[in-house]
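Please keep the sequence and the three-dimensional view at hand while reading.

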Amino acid sequence: IVRRTPGSTDGQSYQIVAGERRWRACKMLGMAEIPAIIRDENEQAEKADLASIIENIQRVELNAVELADAYSKILKIYNFTQEELAKKLGVSRVSVANTLRLQKLPESIKEYVIQGKITEGHARALLTLESENDITALAAEIIAQGLNVREVESKVREKIQGPAAVVAAPKSNDPAPTAQPKETAPKSAETLALEEELRSAF
């Protein structure tokens, strides 16, 4: 999905609104032309144009990373807040914010999402880590071991807070542990004799 660049004199300059990664892939394959949906923009038609762009974004099967790129471009082009974009899309602001966060991923991890090697849920869990090396290493574990999202979240907590963070807390309906009597060391003969003398004295 593209639109003509505002202020373009020849009318042949375009901005990509959605599908930039697909365009790059086609370019790498040496394709001279690719099909695209052109959306014109002017003050009178801006609202209708935006509605068409959003409709196409929702209709085209964009992966999570492409969707994040599309959201980011719409925010910049139309100077929207995340709340305003969420209302246009009919989703929550949190949903928009979570999708946009995927842009912070290293490029290699974005490619894993695009290729379907990891899910959007995996990617969100990885974003909790600050180190790119940690993110990349855990992503490799996800692919190699087939980890699900909960397992990844557990590993992330362990990485941040230490092994104690993943110890399961007892359930509320579990019986409280009973105290076990401590075993005392056997008394020596001297101690027994002293106790007997004290009893005799009193």
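A residue is called buried when its relative accessible area is under 20%, and exposed when that area is over 50%. The model discussed here is a predicted one. Along the chain, 50 residues separate asparagine 63 from valine 113, yet the C-alpha atoms of the two are 7.7 Å apart.

The wider setting may now be described. The protein chain contains 10 helices and three strands, and their order along the sequence is β-β-α-β-α-α-α-α-α-α-α-α-α. The chain has 202 residues, of which 29% count as buried. When contacts between residues at least 6 apart in sequence are considered, 54% of them join residues at least 24 apart.

After α6 comes glycine 116, which has a positive phi, near 80°.

In soluble globular proteins, nonpolar side chains tend to be buried together. Which residues have the most contacts inside the largest nonpolar core? They are Leu102, Ile109, Leu126 and Val152, in a core of 20 residues. At least two residues of this core come from each of α3, α6, α7, α8 and α9 (149-161). The largest share, four residues, is supplied by α8. Apart from this core lies another one, made of 16 residues, including Ile57, Tyr71, Phe80 and Leu100. Leucine 102 deserves a separate look: beyond its neighbours within four places in sequence, its contacts are Ala64, Ala68, Lys110, Glu120, Ala123, Arg124 and Leu127.

The next element to consider is helix α5. Its buried residues are Val96, Ala97, Thr99 and Leu100. Viewed down the axis of α5, they fall within an arc of 165°, so they line one face of the helix. Among the elements that cover them are α3, α4 (82-89) and α7.

Two packed helices are described by the angle between their axes and the distance between the axes. Helix α5, residues 93-101, packs against α3 at an angle of about 110°, and the axes are 8 Å apart. Because angles from 65 to 115 degrees count as roughly perpendicular, α3 is roughly perpendicular to α5. On the α3 side, Ala64, Leu67, Ala68, Tyr71, Ser72 and Leu75 take part, and they meet Val96, Thr99 and Leu100 of α5. The residues of this contact are seven nonpolar and two polar, with no charged ones.

Helix α4 also packs against α5 at an angle of about 110°, with the axes 8 Å apart, and these two helices are therefore roughly perpendicular to each other. Here Gln82, Glu83, Leu85, Ala86 and Leu89 of α4 meet Arg93, Val96, Ala97 and Leu100 of α5. This contact has six nonpolar residues, one polar residue and two charged residues.

Key: Residues are numbered from 1 along each chain as its sequence is written. This is a predicted model: local features need pLDDT of at least 70, side-chain atom pairs count only at pLDDT 80 or more; totals for chains, interfaces and linings use all residues. Side-chain values use heavy atoms; hydrogens and water are left out. A nonpolar core is a set of buried Ala, Val, Leu, Ile, Met, Phe, Trp, Tyr and Cys residues joined through side-chain atoms within 4.5 Å. Buried means under 20% relative accessible area, exposed over 50%, partly exposed in between (1.4 Å probe, protein chains only). Contact means heavy atoms within 4.5 Å. Axes are lines fitted to C-alpha atoms, for helices over the stretch in contact, and angles run from 0 to 180 degrees between N-to-C directions. Angles under 35 degrees count as roughly parallel, over 145 as roughly antiparallel, 65 to 115 as roughly perpendicular and the rest as oblique. Ala, Val, Leu, Ile, Met, Phe, Trp, Tyr, Cys and Pro count as nonpolar, Asp, Glu, Lys and Arg as charged, and the others, Gly among them, as polar. The arc is that of the directions from the helix axis to the C-beta atoms.
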